[in-house]
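Please look over the sequence and the structure shown below before reading on.

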Amino acid sequence: MKHQSDFTHDLRAAYDADLEKLDAAKHGWARTPVTERIALLQAVKDALMPVAEGWATTAARKKRLAPDSPLVGEEWTSGPYALMGMCNGLMQTLSQIEGKAYLEHLPTRQLSNGQTAVRVVPHSIWDRLLLSGVKADIWMQRGVTPANLKSHAATAYDIAPDKRVGKVALVLGAGNIASISPLDAFQKLFLENQVVILKMNPVNDYLTDYLRAALKPLIDRDALRIVKGNGEAGAYLTDHPLVEEIHITGARATHDAIVWGTGEEGARNKSAGTPINPRHITSELGAVCPTIVVPGPWSTADIRFQAEHIATQKLHNSGFNCVAVQSLILPRDWDKTDPLMKEVGRVMAEFARREAYYPGAEARMAEFAEHAEGEQQLPRGQGVPPCYVADMERGDTEWLKQQEVFAPALGVKHLDAADAETFLRDAIDWANDNLYGTLGGNILIHPATIREIGRARFEEIVADFRYGTIAINAWTGLGFLLAPVPWGGFAGATLENVESGIGTVHNCFMLEDTERTVIEAPWSPFPRNLVSGRFTLLPRPPWFVTNRRQDKVGRLLTRFQYKPSWLKLPRIFVNALLG
């Protein structure tokens, strides 16, 4: 049996060997022809498909889900499906990278505030069928126009291949959602021309063998290494002389420890603006994400559906999402507020019965309860922790507004609602001014209310909502799944005020100088939307915790992403409708 010191020595030696291989290969990777990159992505798809079942079922088991639970579908859609979709998106972009021709197929428009919006979803016939009615626009930063858009996309490919200089990047993986780590690595590999050492998080490093198998073509090319290790191992890598850049998905405290140090020394360094780590660091760090419920002519069916929506926003992956809603902003004295909350409780009790698997959840929930005053507990079944609900106007309100709990806990804020537009403006101002982070914000609003406000006026109001992804009648988690969408905090964060992180990932169209993404989905699912005349084919979304067929749909969608075919659509549609 080895002593810990011997193990540490062996681990460092293994890291050193991997980094030396990567360092030797970094310039070669940067100069890899586009045709070879496309072939490598196809090889990844071919290697991923045989291990997708094991990946999804192992993740579900480790998260303590029953093998026959529909919630296993979460592990399909947020795991193999998301990675397969990114491969497809990058292959499409790279096939038209010459002259950046792919940008010519992306519609653009000028917003009322002068910014440029780029429509990235729907982009294909498959989007129009499988994501019927869903739209996603990327709002570019000021100064980016349709005329100069090509200068703000895929700039790493503007450098002649023989002149490209590679770098070694360290990616510190997240422990909650399985595809975060490989997708973060793809950002460095394909958008920034950097080789990657990916350190898995100890919470989900059981996926290491599956990822090594799926990404073997990149490992064989010496563009990627996947390693395990604890916090001490991570600290060794962040300060390794061969590591030139770092990307982290995780907690704000971890980011600050890397950049500034810990304790009093870290506080002094941050105050003085003298980071201890000089490397370029990008990050995604979570937030206290809001959902704004705008008053309007909601029917009983609307209340039921949007209650499922809110429960999903909170309890997808049992609440362990950086973009899980943690602040629900409701209109005071609206006659639908109480029925909506009662329905949310019913949905959680019936459909979200799963354990809080993530380490430290029990302690974080207890801490949440300590800072709340008279918190409620929405039961979720015997042996399952309740969802804690706190009034954000009582107790330690500053703590509730500034601490991401990363557990089944929800704060509720009531605001007066003289009218829908005033309420929406006030809710946006409150979220911007009070809540930690800028990762994702959601707005649930009846289409009739949007018409009442006016579409142009509504868009002007949304422009004040400072979040990296905004979901209108959707959940910002959908933005994570969409390969074309940049994922990260609102533009403008700094090392000193990092908020939800610096930079973005995903973004298969390789757009740069993005500010935010705005996603809009149908208010009602198919076929109920036919009654209102707003036709879409989207039924209850497969990522909803209430979807009884999401395990089947997730598997079918992954297979579809591997080899799209009209013949595969009927089974997907049948299971989607039955969900």
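What follows describes a helix pair, an open sheet with its covering helices, a loop residue and a further strand.

This is a predicted model, in which local features need pLDDT of at least 70 and side-chain atom pairs count only at pLDDT 80 or more, while totals for chains, interfaces and linings use all residues. Residues are numbered from 1 along each chain as its sequence is written, and side-chain values use heavy atoms, with hydrogens and water left out.

Helices and strands are DSSP runs numbered from the N terminus (H or I with at least four residues for helices, E with at least two for strands). The axes of α3 (residues 72–95) and α5 (residues 180–191) come within 11 Å and cross at roughly 15°, where axes are lines fitted to C-alpha atoms, for helices over the stretch in contact, and angles run from 0 to 180 degrees between N-to-C directions. The two helices α3 and α5 are therefore roughly parallel to each other, a term that covers angles under 35 degrees. On the α3 side the contact (heavy atoms within 4.5 Å) is made by A82, L83, M86, C87, L90 and L94, and on the α5 side by P182, L183, F186, F190 and L191.

Five strands form an open sheet in the order β6-β5-β4-β7-β8, with parallel pairing; two strands pair if DSSP finds at least two bridges between them. The edge strands, β6 (224–227) and β8 (280–284), each pair on one side only, and the twist averages 15° from one strand to the next. Within this sheet, L172 stands opposite I248 in β7. Helix α5 lies across β4, β5 (194–199), β6, β7 and β8, running at about 160° to β5, and helix α8 (residues 231–238) also packs on the sheet, touching β4, β5, β6 and β7.

K63 sits in the loop between α2 (34–62) and α3. At 2% relative accessibility, K63 counts as buried, meaning under 20% relative accessible area with a 1.4 Å probe and protein chains only. Leaving aside neighbours within four places in sequence, K63 is in contact with E75, N176, Y206, N317, R354 and Y357.

Strand β15 (residues 469–472) is covered on both faces, with T469 and A471 buried on one side and I470 and I472 buried on the other.

| Strand pair | Bridges |
|---|---|
| β4 (residues 167–172) and β7 (residues 245–249) | four, parallel |
| β14 (residues 440–444) and β15 | four, parallel |
| β15 and β18 (residues 514–520) | four, parallel |

The bridge partner of I443 in β15 is I472, and the bridge partner of I472 in β18 is E520.

Conventions. Angles under 35 degrees count as roughly parallel, over 145 as roughly antiparallel, 65 to 115 as roughly perpendicular and the rest as oblique. Buried means under 20% relative accessible area, exposed over 50%, partly exposed in between (1.4 Å probe, protein chains only).
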